[in-house]
Amino acid sequence: TIEPLYESDTVSFFNFDNNSISLGGHAWLVDKIKFGLGGQFMQEKYEQLDQGFFIPTSIIYFQKYQLRSSLEYNTTQNTYEYIEGTKALLYVESIFTKGYPENSFTKFIAQINQYAILGERGNIAGKLSLGISTNNMSPFSPFVLDGILNVRGIGNRIERGTAEFIGNIEYRNSFISRDAFSIQGAVFADYGTTRMPGRNFSSLFKREQHYLFTGMGIRFHLKKWFKTCLRLDYSVNSLDLNQQGFTFGFGQFF
């Protein structure tokens, strides 16, 4: 992939290659609560494609080791394209980067998703996520604002940071429903903000760090295959109308 990395107010683009091997598992502690544990070994290669900011060599190699654990509470139920219930997640991850301690970090994420069915064809979904990590001064910060991951329409890894607050809400309505497929329309709002590397926690709430994208989209579901969904969304930044974009994906956004 092509990855933008940020150094102060300067951006530079890198060709990013990642080879990894991962092993993990989970166990149900009680009904609807499961604990997960895993690890991963990664070899990463970053090749600078421009002169956005100075690095001693145009190619950087990293060897990384990851340890991760999670605790999940999940009461969600799926009936074709409809979801109802609650899902809460606590996630902890540590990354150790050989030879580059400034790129090693531990991060913690607390997330909750809530779903409710409204009437015969409506479905409302909400998500809140708070993440915080080691506050190192590094362009390789663990949290990103990205149109595919958390804020639709914002673009490709528009910002990196060492803390994040994400909020999403979406209403979906099935205006065509047949035995084999259904088509949903959706309206939504996605909000995101990050703490810049090395800054204090109050920078998370500065005006220039806030992004609020609102928009609408369409979903096409095949009912014969569980959770099969094609999704297209268009949104505009309500705080800066010059920022807008499409997002295409597989499966519901959340």
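Strands S2, S3, S4 (59–74), S6, S7 (105–118), S8, S9 (143–145) and S11 (163–177) each contribute two or more residues to the lining of the largest pocket. Strands here are DSSP runs of E with at least two residues, numbered from the N terminus. The model is a predicted one, in which local features need pLDDT of at least 70 and side-chain atom pairs count only at pLDDT 80 or more, while totals for chains, interfaces and linings use all residues. Residues are numbered from 1 along each chain as its sequence is written, and side-chain values use heavy atoms, with hydrogens and water left out.

**Pockets and cavity**

Rolling a probe the size of a water molecule over the atoms shows where empty space is left. On a 1 Å grid over the protein atoms alone, a pocket is an open set of points with protein on both sides within 12 Å along at least five of seven lines, a cavity is a set where a 1.4 Å probe fits but cannot get out, and lining residues have an atom within 4 Å of a point. Points are joined across faces, edges and corners, and a volume is the space filled by probe spheres set on them.

The largest pocket has a volume of about 790 Å³. It is lined by 31 residues, of which Glu 93, Lys 107, Pro 142, Val 144 and Arg 157 are closest to its centre. The second largest pocket holds about 560 Å³. Its lining has 25 residues, with Asn 78, Ile 83, Lys 87, Lys 227 and Phe 254 nearest the centre. S6 gives the most to this second lining, with four residues.

The search of the whole structure finds one cavity of 30 Å³ or more. The volume of the largest cavity is about 50 Å³. Among the residues lining this cavity are Glu 102, Phe 105, Asn 136, Pro 142 and Thr 162. Its lining divides into three nonpolar, seven polar and one charged.

**Salt bridges**

Side chains of opposite charge can pair when their charged atoms come close. With a salt bridge taken as a side-chain nitrogen of Lys or Arg within 4 Å of a carboxyl oxygen of Asp or Glu, the count comes to 12. Three of them are tabulated.

| Pair | N to O distance |
|---|---|
| Glu 170 and Arg 152 | 2.5 Å |
| Asp 190 and Arg 152 | 2.7 Å |
| Glu 170 and Arg 172 | 2.6 Å |

Asp 190 lies in strand S12 (residues 181–195) and Arg 152 in the loop between S9 and S10, so that this pair links parts of the chain 38 residues apart. Asp 190 and Arg 152 are both buried, as are Glu 170 and Arg 172, where buried means under 20% relative accessible area, exposed over 50%, and partly exposed in between (1.4 Å probe, protein chains only). Shared partners join Arg 152, Glu 170, Arg 172, Asp 190, Arg 219, Arg 231 and Asp 233 into one network of salt bridges.

**Two single residues**

Ile 60 is in strand S4. Ile 60 is buried because its relative accessible area is 13%. Phe 35 belongs to strand S3, and is partly exposed because its relative accessible area is 34%.

Terms used. Nonpolar A, V, L, I, M, F, W, Y, C, P; charged D, E, K, R; others polar.
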